Amino acid sequence: MVRGFAITTSTSSIRLDGMGRGELTFTVSNALGRPVRGRAVVEPEGATSKDWLALEGESERDFPPDGTHQYTVKVNVPRGTPQGQHAFHLSMVNVANPDEEFTVGPSASFQVPLPQAPAPKKKLPIAWIALAAGILIISLATFFALRGRGGEEAGVGGAGEAGQAEQAPQKPAFLSLDGKQSYIELGNPRELIFFGPITIEAWVRPRSLNGIRNIVVHGHSNSPLSEVYLRINNGRYQVGSFNGQDFSTSADVPSSDVGRWVYLAGVYDGTRWVLYRDGELASSTAQTLGSLFVDATWGIGARGGGRERFFQGDIRDVRIWNMPRGQEEVRADKDRTFTGKEQGLVGYWPLNEGDGVIAHDISPSENHGLIRDATWGSE
């Protein structure tokens with residue numbers, strides 16, 4: 001399939017206001033290298049109604065070679081819409097050749113129900129105010145009287161200090177992928193388009209090693225051929241890039257890694273691809289190509305946009321850096337909880353929400369992902 005346009009947006013999720021309204025702007029670039037008239041089409045996904053979506057301005061526009069236009073999609077969800085997660089995407093076609101020169105853009109999601117306006121406060125009658133004041137005075141007198149008795153009643157009626165019941169610790173959450181159709185769609189935001197040095201990190205618990213099982217990937221794109229990936233490739237951990245040939249490094253997956261948590265970090269430092277497993281060097285290969293431009297979306301657990309190369313197992317703490325990280329940093333930070341504000345951290349999805357279909361990016365980029373057909377687990 002010839003891809004005629006590049007479609008990007010700053011975020012993959014929209015926050016609606018109290019009236020059910022929101023908007024998102026897509027940047028569309030002509031990648032054909034010649035003048036073309038393009039048509040934008042807003043396409044709802046799943047149960048999303050087409051009536052909720054409106055394209056602002058003309059849908060057909062003339063693009064010079066390498067020209068760019070911005071398209072704004074307005075969302076207006078009516079009151080009373082049942083609860084749920086909804087999504088849509090923007091597609092672009094060459095008006096003169098729509099069957100061969102077209103591009104499907106990244107998905108954008110929004111959550112229903114809408115935020116509810118707070119209920120108006122009711123004024124209390126003066127009699128009720130007086131009664132409440134009397135009760136408060138009696139309660140305070142009782143409290144100070146008991147306190148003067150030296151705390152004889154302390155601890156009565158509960159566990160721990162001051163009668164507070166102990167809280168059960170929260171179990172850490174993770175996302176479980178079935179190896180068939182579940183993945184996370186990240187779109188192709190500008191913060192994740194850069195060249196050269198890169199670090200990709202993730203905690204994974206693989207359950208299958210056969211075939212190609214993407215962990216974190218940009219692409220792939222067929223026109224031009226391009227991809228950046230951290231994955232399992234027929235029983236080997238592999239990190240690298242592709243432009244018609246692979247520039248990568250890889251290491252055998254120990255059989256003991258199946259069913260256990262493993263920390264992986266893939267780094268391009270400007271001269272070589274390096275792979276770390278649990279903070280230790282697993283493989284290093286001199287290569288001339290690192291991160292590159294990919295006219296396709298990012299994905300966690302599958303090819304960007306889904307369709308193939310599905311990861312089977314559990315995953316959490318996915319991080320993308322626009323800089324190389326050394327072994328000492330990788331080793332020291334593999335168990336660390338990040339704030340998301342660290343220098344060079346352009347994408348951080350802890351995957352610890354425990355429910356819902358949004359994978360929140362807590363980096364300053366805030367490129368939240370859309371979870372498709374995956375399940376939450378905890379332990």
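Student: Okay, this is a predicted model. Why is D257 called buried?
Tutor: The relative accessible area of D257 is 0%. Buried means under 20%, so D257 gets that label.

Student: What makes D257 and R277 a salt bridge?
Tutor: Their side chains meet at 2.7 Å, N to O. The cut-off is 4 Å between an Arg or Lys side-chain nitrogen and an Asp or Glu carboxyl oxygen, so the pair counts. The pair also links distant parts of the chain: D257 is in the loop between β16 (246-252) and β17 (262-268), while R277 belongs to strand β18 (residues 272-277), 20 residues apart.

Student: Which other partner does D257 have?
Tutor: R260, at 2.9 Å from N to O. That value is within 4 Å, so this one is a salt bridge too.

Student: And how do you know whether R260 and R277 are buried, exposed or in between?
Tutor: R260 has a relative accessible area of 30%, and R277 is at 23%.

Student: What makes E227 and R309 a salt bridge?
Tutor: Their closest N and O atoms are 3.4 Å apart, and the limit is 4 Å, so they qualify.

Student: Why is E227 labelled one way and R309 another?
Tutor: E227 has 3% relative accessibility, under the 20% limit, so it's buried. R309 has 24%, which means partly exposed.

Student: How many salt bridges does the structure hold, and which residues make up a network?
Tutor: There are 28 salt bridges. E201, R319, R325, D333, R336 and E342 are linked in a network of them. As for the general idea, side chains of opposite charge can pair when their charged atoms come close.

Student: Then what makes E366 partly exposed?
Tutor: Its 49% relative accessible area falls between 20% and 50%, so partly exposed it is. E366 is a non-glycine with a positive phi of about 55 degrees, and its place is the loop between β23 and β24 (369-372).

Student: Where are there cis peptide bonds?
Tutor: One joins G219 and H220, with omega about 15 degrees; H220 lies in strand β13 (residues 212-222). Another runs from S223 to P224, with omega near -5 degrees, and P224 is in the loop between β13 and β14.

Student: Last one: which residues have the most contacts inside the largest nonpolar core?
Tutor: I198, I215, I315, I320 and W349, in a core of 41 residues. Strand β12 (residues 198-206) gives the largest share, 4 residues. Beyond its neighbours within four places in sequence, I198 is in contact with residues including V228, Y268, W298 and I320. A second, separate core has 24 residues, among them F5, L24, V36 and V77.

Technical notes
Residues are numbered from 1 along each chain as its sequence is written. This is a predicted model: local features need pLDDT of at least 70, side-chain atom pairs count only at pLDDT 80 or more; totals for chains, interfaces and linings use all residues. Side-chain values use heavy atoms; hydrogens and water are left out. Buried means under 20% relative accessible area, exposed over 50%, partly exposed in between (1.4 Å probe, protein chains only). Helices (H or I, at least four residues) and strands (E, at least two) are DSSP runs, numbered from the N terminus. A nonpolar core is a set of buried Ala, Val, Leu, Ile, Met, Phe, Trp, Tyr and Cys residues joined through side-chain atoms within 4.5 Å. Contact means heavy atoms within 4.5 Å.
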